[in-house]
Amino acid sequence: MISLHCHVYTCNLWYTTQSDSSYPICGLDPTKFPIGEKEKEGFFFHRQKAYAGHHGTCMDKRLMTHNYQHILAFQFAVKEINDNQQILPNITLGSHISNSYFSPGRIYQVSLEFLSTGDRITPNYKCDGKRNLAAVIGGPTSDIDLHMANVLNIYKIPQPLQAISFSDGFNGLLEKGLEMYKISMGSSATVLVVHGEIQTIMSLRTVHQFAESEDDPIKTRGKVWIMTAQMDFVSLPYQRNWDIDIIIHGALSFAIHSVEVLGFYGFLQRRNPTLVTEDGFIKAFWQQAFHCSFPSSRSVSKDGQLCTGEEKLESLPASVFEMRMTGHSYSIYNAVYSVAQALHDLHVSKYRQRWMSGKGRRQLLNQQLWQLHKFLRAVSFNNSAWEHIAFDQNGELMGGFDVLNWVTFPNQSFVRVKVGRIDPNIHLENLFTIHEEAIVWPSKFNQTQPVSRCNDNCHSGYSRRKKEGKPFCCYDCLPCPIGKISNKKDMDDCFQCAEDHYPNNEQNQCLPKHISYLSYEEPLGISLAIFDLSFLFITLLVLRIFITHRDTPIVKANNRNLTYSLLISLTLSFLCVLLFIGHPGKVTCLLRQITFGIIFSVAVSCVLAKTVTVVLAFMTTKPGSRMRKWMGNQLSIFIVLFSSLIQAMICTVWLATCPPFPDFDMHSTTEAIVVECNEGSVTMFYCVLGFLGFLAIVSFTVAFLARKLPDSFNEAKFITFSMLVFCSVWLSFVPTYLSAKGKYIVAVEIFSILASSAGLLGCIFSPKCYVILLRPDLNSRAQITWRKH
């Protein structure tokens, strides 16, 4: 039989085959450590007054009922393994559990007893072949493991550990706890990280109770305790009625990763001190947990209540006993399985010991102790909870940690809610996960996330900047830069809104941008449309007047065909303004600038042709002038067609290379997405404007040189003024166009078209309309041919 001796948290293994039916199977050894009223092994806390004799009889022991679950987890694992024929067939595990009392002397004594047989400590001498020590499972504090290792390492006995830090014993913890309490309670910190051992919570509760009894008010309800994985809830009997809410409600702790082990809850429910005779601890636990006494016991409960054995463990509050397997118990459970699996692998390996002929049993002890190390390091299996158990290259369990949230209840019970996980087996980005919404915080925080700080929160719309020379929780609050926001408190950096959103005035929220373009539904669009239609109506009216009076001298004298062409081109220019108002589409974007460029080229070329006609008319009056052959409609038609053709070629190249298209401007205005026509090629756009400017400058120059011609026939003066207005408008257009944003770019171009067209209409045709309508007496051939001397 292989026996697992457990030293509360220190367990040993001994073994025997099932054929050795005379040997005890899977049980405690009551003869080795007799169970008396004050000699219960395995889960005591004490203040050591003296150490004498075999068990340290002069000790003031106090039962810690929580630790009993560790023993039950150990026994449950042994039972499962013995019932499982797939692991260690024909071999039965037995166990022995011993208490350390958190005393180094006791630890050394028990370690030597593991190496001895009989009732005397005689290391290196073994006369009992039935009980073969194979391994020791240690814990729950690292100092117990280290003291054991000083003895067991000499014999190369495998020693799986389930403790992971250092401790100075309970007395040291009390002293350190009191010192830590004074520092932490005087701190402005909201979150306190506690590094301790399994007894630390018990120490904190004692320190708190001491401070309460000294009329020293505390403020622990304003603290969030974060505890390391070594810590667990244990308490002494006199602490049973103390408030547990003060320390652990809302606390967060790391715990060795564990899962629910099937069958363990039922195993606990079936525990009955009258039926379980091989458990030497159950009666002591039962009396302490249920405040009762057994008739055979020398200790009687204060209220005289007798234990019936029918009491239910699930009725106990969690501050006395937990029905769910804790992380520490789960570690013991896995440690037992790991040793058993290593033994199994050793027995089936090609290096196993053969049966010795004639002796009838294996000689494994002398070799197994050191051979087991190799198999224990390489162990890899699924436990009964179907969780994979394996060790890394450092011999550490690759299970990770759970993040637990402690929630207390008025009946002195509590639950540990799993709210996160640290899993070393997955990608680094997901190594640590936590569900903040599932955390229950201490009552003072009203379920808002607590923050340690030395100044007020930085509200949304601001970002934090650390104060030099101050603790990390001290910072200045700086307003977010223009264009950025922060929508939470205490953000380290502000961030940009999405392209289709913009920051509000408080810079704490992103608002959706509205769609913007020059439409007929807004005042600016309506105003421009009204002006455009008004000028269009006036132009058509002027055209009607000239058509009606087409045979009068003043109409005929100024090249009637050019006049009609100019008026028609002005009419079309006013009509093309309507292409610039409304939602930009693919067709409208293609037609806008092209139509404007060609129509204005026709209009300006007509003005140029009229100017040239006036100059030539006076030059041909000189005797012998050769200019007579240029007179007539051919020259005017050539000028108009040639100028318009050049502009049409420029527009054709534009459309063929980089045509305009509808586009969204996300950046020119803060609060709007501007729907616009992207010109495609800015160079071609300015080529169109440049050619118009060239025609206008030529017309202006020719008309300016002809300004001194006789008044009665001097249309050149009116052309000069019209070209002066035209050039002024489009010269001012360029800087205004470049500085405008959004829909106002379109408005600037519309205004320029209206102003320049109206300038041509007013300066050239208003004097003629005046004569035709108001001074018909001047509309005669005699008046037109009169010269000024």
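Tutor: Residues are numbered from 1 along each chain as its sequence is written, and side-chain values use heavy atoms, with hydrogens and water left out. Because the model is predicted, local features need pLDDT of at least 70 and side-chain atom pairs count only at pLDDT 80 or more, while totals for chains, interfaces and linings use all residues.

Student: What is the mean pLDDT of the protein?

Tutor: The mean is 76, and 76% of the residues reach 70 or more; pLDDT is the predictor's confidence in each residue, from 0 to 100. Over residues 1-61 the value is below 50. Where pLDDT is low, the predicted coordinates should not be read in detail.

Student: Why is Arg592 said to have no salt bridge?

Tutor: A salt bridge needs a side-chain nitrogen of Lys or Arg within 4 Å of a carboxyl oxygen of Asp or Glu. The nearest side chain of opposite charge to Arg592, Glu679, is 6.4 Å away, so there is no salt bridge.

Student: What does the side chain of Arg592 reach?

Tutor: The backbone oxygen of Leu579, at 2.9 Å. A polar contact is a pair of N or O atoms within 3.5 Å, one able to donate a hydrogen and the other to accept it.

Student: How do you know that β13 and β14 pair?

Tutor: Two strands pair if DSSP finds at least two bridges between them. Strands β13 (residues 401-408) and β14 (residues 414-422) have eight, in the antiparallel sense, so they pair. Trp406 stands opposite Arg416 in β14.

Definitions and conventions: Contact = heavy atoms within 4.5 Å. Buried < 20%, exposed > 50% of the residue type's maximum accessible area, 1.4 Å probe, protein only. Lys, Arg positive; Asp, Glu negative; His and termini not counted. Helix = DSSP H or I, 4+ residues; strand = E, 2+ residues; numbered from the N terminus.
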